[in-house]
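Me: Could you walk me through this one? I am new to it and would like to go slowly.

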Amino acid sequence: MVRRRSKDRPARRPGLPPPAPGGALTDSRLTEEGFAPPVAAPGRILLIACGALAREILALRQANGWDHIDLTCLPAILHNHPDRITEAVETAVDAHRARYRTIYVVYADCGTGGRLAAACARLGVEMVAGPHCYSFFEGNARFAAEDEPTAFYLTDFLVRQFDAFVWRPLQLDRHPELRDLYFGNYTKLVYQAQTEDAALTERARACADRLGLNFERRSTGYGDLETTLRDWAGR
């Protein structure tokens, strides 16, 4: 639940520019821009999410008839810059809190070292439990029990955006000889499949081949993400 900001609290520094409204919901747009919510009617719920989760959240919203929930997404590329996530989320909460009854944050810790959880507690908003999306897609309890330090994980979104999130940022497109330096301690690529898509599975297998890793596919569905959203939607 959102708490109003006290009058003596200093205004937050500007963060990322607001996601663009409208337009096609492409993976490249979700990566670089995110997207803004519609103009809110009174009493609605807003989810502030990572752009890498947009399609999964919208699928759950449609399947369950959660018409009272709106979604805005921050650029998914923040996945590669976890030091920027907390401020971006804080900025988004401040920008939208006056127009929504309740705001929830659809991020896990995501490499922020507890800073995002502290900010959400201060702002009075709940967030998804877990260290990262790989954990809550698998199910946090199961992921912790698996304890696979030599596994490299991809979701549906990250398979589709493998070049944007892995290959180019690590400069493997220009320096393929760096592959073993980055991935020499990994033994397998685990594709956590949210959907049943044979073509996407083959793309994931090709990603494993490019990294020189063994391939494993797990059909996780939406995991703890679905459980959490169902709880929030029913409040």
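Me: Which residue in S3 is the bridge partner of Ile48?
Reply: The partner of Ile48 in S3 is Val105. Please keep in mind that this is a predicted model, in which local features need pLDDT of at least 70 and side-chain atom pairs count only at pLDDT 80 or more, while totals for chains, interfaces and linings use all residues. Residues are numbered from 1 along each chain as its sequence is written, and side-chain values use heavy atoms, with hydrogens and water left out.

Me: And how many bridges join S1 and S3?
Reply: Strand S1 (residues 45-50) pairs with S3 in the parallel sense over five bridges, where pairing requires that DSSP finds at least two bridges between two strands. Strands here are DSSP runs of E with at least two residues, and helices are runs of H or I with at least four, numbered from the N terminus.

Me: What about S4, which residue there partners Val105?
Reply: That is Met127, and S3 and S4 (residues 126-127) pair in the parallel sense over two bridges. Between S3 and S4 the chain passes through helix H4 (residues 115-123), in a β-α-β crossover that is right-handed, meaning that with the strands pointing away from the viewer the path from the first strand over the helix to the second runs clockwise.

Me: Is S3 mostly covered or uncovered?
Reply: S3 (residues 102-106) is mostly covered, with five of its five residues buried, that is, under 20% relative accessible area with a 1.4 Å probe and protein chains only. Thr102, Tyr104 and Val106 point one way, whereas Ile103 and Val105 point the other way.

Me: Changing topic, what is the volume of the largest pocket?
Reply: It is about 460 Å³. A pocket is an open set of points on a 1 Å grid over the protein atoms alone, where a 1.4 Å probe fits, with protein on both sides within 12 Å along at least five of seven lines, and lining residues have an atom within 4 Å of a point. The volume is the space filled by probe spheres set on the points, which are joined across faces, edges and corners.

Me: Which residues are closest to its centre?
Reply: Of the 19 lining residues, these are Tyr134, Ala151, Phe152, Tyr153 and Tyr186. The largest share of that lining, four residues, comes from S5.

Me: And which residues lie nearest the centre of the second largest pocket?
Reply: His79, Cys110, Gly111, His132 and Tyr134 do, out of 18 lining residues. Helix H5 (residues 133-138) gives the most to this lining, with three residues.

Technical notes:
Buried < 20%, exposed > 50% of the residue type's maximum accessible area, 1.4 Å probe, protein only.
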